[in-house]
Amino acid sequence: MRDAYQEQLDELADGLAGMCDEVAAAMQKATRSLLEIDLQLAEEVISEDVRVDDLRAAAEEKAFALLALQAPVATDLRTVVSAIHGAGDIERMGDLALHVAQAARRRHPHPVLPEEVAPYFAEMGRVGVELARKAGQVIRTRDLAQAAQLESDDDAMDDLHRHMFTVLMDRNWSHGVGPAVDITLLARFYERYADHAVAVARRIVYVVTGQMPGPLTV
Amino acid sequence: MSADPLPKQLADLAELLGQMCLAAAGALNNATAALLDSRVRLAKQVVAGDAAIDALRARVEEIAVDALLFHAPVAGNLRAVVSAIRSAGDIERMGDLALHVAQVVCMRHPHPAVPAEVRDHFSEMNRIAVQLAMKAADVVRSRNVIKAVELEADDDAMDRLHAHMFSVLMDQDWPHGVPAAVDITLLARYYERFADHAVVVARETVYAVTGQEPDAIPI
């Protein structure tokens, strides 16, 4: 009986980690669609978002079944509650990748990004995808050192995000208001994506230690 | 340590969630007043007040986890507890978005953050968002499923305003330059997200009461 229970808990963790991999792949593709002006890739991301939504629904069903049938306590209860939060965060990451792809589709065949800002978005994409993958690993391994690493990766994202605004606010910005509006929103999508990944890792820290590492911003 | 009976815990959760919605509504309303009239002191009050919403959220989670631990609720009661946990996250986020509006006011002070011609837009977005939060408060307290569906229509009005704001910015004749457009883009997004979260809170209640997503219910 207890073994079946442990198996259910493991399945729940696997489901969430799988969601992280899924939204990492989505953001990677969305970023490529943005940088390479690839409509088909953007469409793929948009149509595949339901997969993330389905995974979330499956994870929540598992969490409910665990709560209803096993009435977990202590660490296991924290695990299940954190899984419910985590599923919400990761689904939102999928939505944000979707928003990036939608921006690429909306402006197609024109590029959304002027050439000089494209490298920043390539970097934000790289950092974001890395954060999502690491969040998935933290869910699998419960490695607190790795969870802490996500925080410093997120600092890199925040720096990039801030830097984008400096570029937009500069007097020498020559691309006008339209692209500036697009870039403002896109930069925010990446920054929020990273925040949610960090929130997922923080909840794992909470599961393991019983304490939240610093204030939660998500 | 002993816990309250489950019905008391569920009533407390509903009451706290209602309080959180009203606190978020108040925060956004004040942040908007600060935005429209460059009232930096009021903006700072909103920033300082966010901790109270965070504390309410922590209290909701505490009661919810106690409910799971001591009563192992099933079926509708289990849904009510889990949806309280999720709703508290959404409402806390509404508070954060109000905080972000207030932070823009502080950052731009003593200059106004938005030019005169978009004031009415923000005033209207605020009206809809605050109304949505107050309706969400009503829904979580009364568990009125019919009322919950109303929020979706209000949110459509927000989406139209949000879309319209972009057409104003993208207009060739936009005279206020890129920095103002960047601020307005983010501000408009904060209101739109605030409204979205209020709708999610109402949907959570529908789910808690009926066990179904609102789309599956023929009302």
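In helix H5 of chain A, the buried residues are Ala147(A), Leu150(A), Asp154(A), Met157(A), Leu160(A), Met164(A) and Leu168(A). The model is predicted, and in it these buried residues of H5(A) pack against H4 and helix H6 (177–209) of chain A, together with H6 of chain B. An α-helix has 3.6 residues a turn, so residues three or four places apart point the same way.

**Helices of chain A**

- Helix H5 of chain A, residues 144–169, contains 26 residues and reaches 39 Å from its first C-alpha to its last, which is close to the 38 Å expected at 1.5 Å a residue.
- For helix H4 of chain A (residues 118–141), the end C-alpha atoms are 34 Å apart, in agreement with the 34 Å that its 24 residues should span at 1.5 Å a residue.
- Arg142(A) follows H4(A) and has a positive phi, near 55 degrees.

**Annotated spans in chain A**

- An unreviewed UniProt entry places the feature "domain: PhoU" at residues 18–103 and 122–204 of chain A.
- Residues 18–103 of chain A are 93% helix and 0% strand, with their end C-alpha atoms 26 Å apart, while residues 122–204 of chain A are 89% helix and 0% strand, with their end C-alpha atoms 28 Å apart.

**Contact between the chains**

- Chain A and chain B each give 21 residues to the contact.
- On the side of chain B that touches chain A, two or more residues come from each of helix H2 (40–71), helix H3 (75–108), helix H5 (145–170) and helix H6 (177–210) of chain B, and the largest share, seven residues, belongs to H6(B).
- By residue class, that side of chain B divides into 17 nonpolar, two polar and two charged residues.

**Nonpolar core**

- The largest nonpolar core has 149 residues, and those with the most contacts inside it are Ala24(B), Ala98(B) and Ala133(B); the largest share of this core, 19 residues, comes from H6(B).
- Leaving aside residues up to four places away in sequence, Ala98(B) touches Ala24(B), Ala27(B), Leu28(B), Ala31(B), Val46(B) and Phe194(B).

**Overall form of chain B**

- Chain B has six helices and zero strands, and its C-alpha trace spans about 60 × 40 × 20 Å along its principal axes.
- The radius of gyration of chain B is 19 Å, which agrees with the value near 17 Å that a compact globule of 219 residues would have.
- Buried residues make up 46% of the 219 residues in chain B, and of the contacts in chain B with a separation of 6 or more, 82% join residues 24 or more positions apart.

Definitions and conventions: Residues numbered from 1 in each chain as written. Chains lettered and ligands numbered in written order. Predicted model: local features only at pLDDT ≥ 70, side-chain atom pairs only at ≥ 80, totals over all residues. UniProt positions renumbered as here; feature names shortened; annotations may be inferred. Helix = DSSP H or I, 4+ residues; strand = E, 2+ residues; numbered from the N terminus. Expected span 1.5 Å × (residues − 1). Contact = placed C-beta atoms within 7 Å. Nonpolar A, V, L, I, M, F, W, Y, C, P; charged D, E, K, R; others polar. Buried ≥ 20, exposed ≤ 12 C-beta atoms within 10 Å, placed from the backbone. Core = buried A, V, L, I, M, F, W, Y, C linked by C-beta atoms within 7 Å. Rg over C-alpha atoms; globule rule 2.2 N^0.38 Å.
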